[in-house]
Number of protein chains: 4
Amino acid sequence: MAHEQHQQLIQTLHECVGACNHCYDACLKEEDVNMMAECIRLDRECADICAFLEQALMRGTPFASDLAAVCAKICEACGNECQKHDHEHCQKCAEACFKCAEACKEIA
Amino acid sequence: MAHEQHQQLIQTLHECVGACNHCYDACLKEEDVNMMAECIRLDRECADICAFLEQALMRGTPFASDLAAVCAKICEACGNECQKHDHEHCQKCAEACFKCAEACKEIA
Amino acid sequence: MAHEQHQQLIQTLHECVGACNHCYDACLKEEDVNMMAECIRLDRECADICAFLEQALMRGTPFASDLAAVCAKICEACGNECQKHDHEHCQKCAEACFKCAEACKEIA
Amino acid sequence: MAHEQHQQLIQTLHECVGACNHCYDACLKEEDVNMMAECIRLDRECADICAFLEQALMRGTPFASDLAAVCAKICEACGNECQKHDHEHCQKCAEACFKCAEACKEIA
């Protein structure tokens, strides 16, 4: 079954979705939101494409590799932005994004 | 067909999704993003539930009225926040949200 | 943090999303797809609203209880349909849906 | 503004989302659902990625061309499946999918 092949990737995506959504929420509550604007934007782009791919893999999408390629790219962009910021939520999010980008590339 | 019954509501939802996404994008580019944090948050909550309901109606969901009730509530909350801000994108978004809330209530 | 309060519910929703997407995929591959049409439809309605609520909770949505109420209703409808079918994927999906409906009701 | 540049594409995507969701709904109500299984699956894959891209464009996503490339591929696959079936909803859906694939390729 497709979703069993991809079980590890689904879990990695799920963790990335969690980290991005948490970082988005925390960025909106930071003292200096201006500085976090790009992070807020990319957190949601990344959470949404990861959540999309996660569900697509769960239902055996025929487009796994194409979706994973674009997902990897968005994860990397989000990770690059997040790692610029010292907040713990940003650092954790960067880590989750880079891990997810690597996992996506394996099937891309 | 369900989606024909709801054609006007689908259009109203679509316009609200557009206004909320545009307002979200514009808020992230404002000089004072701090002041827009709640608007950014609610714009995305609203865009996402409206887009969800829009697609659900298009495919004849059996849960139209339940989804419309929660959608109306989120539209109202977003409209209330947006109308506090003088930016044109906020004022237009508030208008789209209130119009959409009314349309949702008709089937809720 | 909102997403920590809801950690257990997020996990339950995640399992329900997985079970529904798997059941949807498996139903489309059954010998008699006609018999599974309602199951296919409800699996996707249920997966989508659960995935929506999951992400909304992760980012501290102010609408948790309203979304959880509609999610509980859709989970129940999906569980009721799935439990009519003897396929293992349907039985497992029904179980995940009922568990998720209960968890949603606790915050609704 | 990004969303104004893409206004025509957003409209084309919106029509494709509508055609795919309607075709999905109608396929599930056909007499011979077995024959429509692949169409049902691809209709939802296509509706979901088009709806995703539509919203992403509305909020000025930095990933427009990558998302459009994968969207074009999924639209084509859905159009190819739909055009095999004589049902009016399938023929109309195929048309909307091919039109949308072309529009996506222009920015991919």
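**Entry 1: chain D against chain A**

I began with the D–A contact, where chain D puts in 17 residues and chain A puts in 17 residues; contact here means heavy atoms within 4.5 Å. Before going on, I noted that this is a predicted model, with local features needing pLDDT of at least 70, side-chain atom pairs counting only at pLDDT 80 or more, and totals for chains, interfaces and linings using all residues. Residues are numbered from 1 along each chain as its sequence is written, chains are lettered from A in the order in which they are written, and side-chain values use heavy atoms, with hydrogens and water left out.

I looked up the buried area next: about 1,600 Å² between chain D and chain A, with 65% from carbon and sulfur atoms. Buried area is the accessible area (1.4 Å probe) that two parts lose on being put together, summed over both. On the chain D side, Glu45(D), Phe52(D) and Phe63(D) lose the most, together 34% of what that side buries.

Then charges. I got 6 salt bridges across this interface, taking a salt bridge as a side-chain nitrogen of Lys or Arg within 4 Å of a carboxyl oxygen of Asp or Glu. Asp66(A) and Lys73(D) form a salt bridge, at 3.1 Å from N to O. Helix 3 (37-58) and helix 4 (64-82) of chain D each supply at least two residues to the side touching chain A; helices are DSSP runs (H or I, at least four residues), numbered from the N terminus. I sorted that side into 9 nonpolar, 2 polar and 6 charged residues, where Ala, Val, Leu, Ile, Met, Phe, Trp, Tyr, Cys and Pro are nonpolar, Asp, Glu, Lys and Arg charged, and the others, Gly among them, polar.

**Entry 2: chain A against chain C**

How many salt bridges are there between chain A and chain C? I got 0. The contact takes 20 residues from chain A and 20 residues from chain C. About 1,700 Å² is buried between these chains, 56% of it on carbon and sulfur atoms. Gln55(A), Met58(A) and Arg59(A) give 34% of the area that chain A buries here, more than any other three residues.

**Entry 3: helix 5 of chain D**

I finished on helix 5 of chain D (residues 88-107), which has 20 residues. Buried residues there (under 20% relative accessible area, 1.4 Å probe, protein chains only) include Cys90(D), Cys93(D), Cys97(D), Cys100(D) and Cys104(D). The buried residues of helix 5 pack against helix 2 (7-28), helix 3 and helix 4 of chain D.

Definitions and conventions:
The expected span of a helix is 1.5 Å times one less than its number of residues. Buried means under 20% relative accessible area, exposed over 50%, partly exposed in between (1.4 Å probe, protein chains only).
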